[in-house]
Amino acid sequence: MTGKSAVVFGATGGIGGAIADALQSNGHFETVIRFSRSGDTPVPVDLTSEASIEAASAWMKAERISPSMIFVATGLLHEAERGPEKSLRQLDADWLMQNYQVNAIGPALIAKYFLR
């Protein structure tokens with residue numbers, strides 16, 4: 001692909017969707033690829049699965065798309081039964097690991113597979 005391309009991870013979320021829409025409408029990018037766990041995405045991407053991130057990268061290469069911008073609009077702060085800790089006594093190792101996986105490790109793996 002010859003024109004500029006952007007990639008947005010987390011594109012079905014409120015922030016990710018708004019970023020993808022803005023990138024698509026501003027005229028700076030010919031193509032905006034939207035990755036997410038579900039919804040209208042060329043390849044489902046789960047930040048807790050390195051294989052899914054690698055598959056998204058492989059899809060981009062197969063489509064001959066080399067993005068000039070990568071935007072990661074993902075994150076985990078709370079779930080239905082778990083919220084941010086208010087004290088050290090509320091820390092839970094499994095919950096911390098899940099947060100690190102989504103908020104730090106997943107984006108690092110995106111860098112591993114998507115940055116030149």
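Okay, let's start with one term: a salt bridge is a side-chain nitrogen of Lys or Arg within 4 Å of a carboxyl oxygen of Asp or Glu. Keep that in your head, and keep in mind too that what we're looking at is a predicted model.

Arg34 forms a salt bridge with Asp21, and the closest N and O atoms are 2.7 Å apart. That pair links distant parts of the chain, with Arg34 in strand S2, residues 31-35, and Asp21 in helix H1, residues 14-25, 13 residues apart.

How many salt bridges does the structure hold? Three. Let me show you another one of them. Glu50 forms a salt bridge with Lys112, with 2.8 Å between the closest N and O atoms. Glu50 lies in helix H2 and Lys112 in helix H3, so this pair ties together parts that are 62 residues apart in sequence. Glu50 is partly exposed, at 31% relative accessible area, whereas Lys112 is exposed, at 51%.

And then there's Asp92, which forms a salt bridge with Arg82, the closest N and O atoms being 3.0 Å apart. Both of these sit in the loop between S3 and H3, 10 residues apart. Asp92 is partly exposed at 28% relative accessibility, and Arg82 is partly exposed at 35%.

Okay, let's zoom out to the whole chain. We have three helices and three strands, and if you walk along the sequence they come in the pattern β-α-β-α-β-α. The C-alpha trace spans about 55 × 25 × 25 Å along its principal axes. There are 116 residues, and 34% of them count as buried. Now take the contacts with a separation of 6 or more: 60% of those are between residues 24 or more positions apart. As for charge, the chain has 10 positive and 12 negative side chains, and the centres of the two sets lie 7 Å apart.

Now the outside. The accessible surface of the chain comes to about 7,300 Å², and 54% of that belongs to carbon and sulfur atoms. Which residues form a nonpolar patch on the surface? Look for Met97, Tyr100 and Ile105, which together have about 320 Å² of accessible area. Tyr100 is in helix H3, residues 93-114, and it counts as exposed because its relative accessibility is 51%.

Leaving out residues up to four places away in sequence, Asn99 touches Leu76, Leu77 and Ala104.

Leu77 turns up again when we look at a glycine. Gly83 lies in the loop between strand S3, which is 69-72, and H3. Again not counting residues up to four places away, Gly83 touches Leu77, His78 and Trp95. Gly83 is partly exposed, with a relative accessible area of 35%. How far apart are Gly83 and Ala55? They're 28 residues apart in sequence, and from C-alpha to C-alpha they're 31 Å apart in space.

One last stop, and it's about backbone angles. Most residues other than glycine have a negative phi. Arg64 isn't a glycine, and yet it has a positive phi of about 60°. Where is Arg64? It's in the loop between helix H2, residues 50-62, and S3. Arg64 is also exposed, because its relative accessible area is 66%, and exposed means over 50%.

Technical notes: Residues numbered from 1 in each chain as written. Predicted model: local features only at pLDDT ≥ 70, side-chain atom pairs only at ≥ 80, totals over all residues. Heavy atoms only, no water. Patch = residues over 30% accessible without salt bridge, like charges linked within 9 Å, V, L, I, M, F, W, Y side chains within 5 Å. Areas by Shrake-Rupley, 256 points an atom, 1.4 Å probe, with all protein chains shown as cover. Helix = DSSP H or I, 4+ residues; strand = E, 2+ residues; numbered from the N terminus. Buried < 20%, exposed > 50% of the residue type's maximum accessible area, 1.4 Å probe, protein only. Contact = heavy atoms within 4.5 Å. Lys, Arg positive; Asp, Glu negative; His and termini not counted. Charge placed at Lys NZ, Arg CZ, Asp CG, Glu CD.
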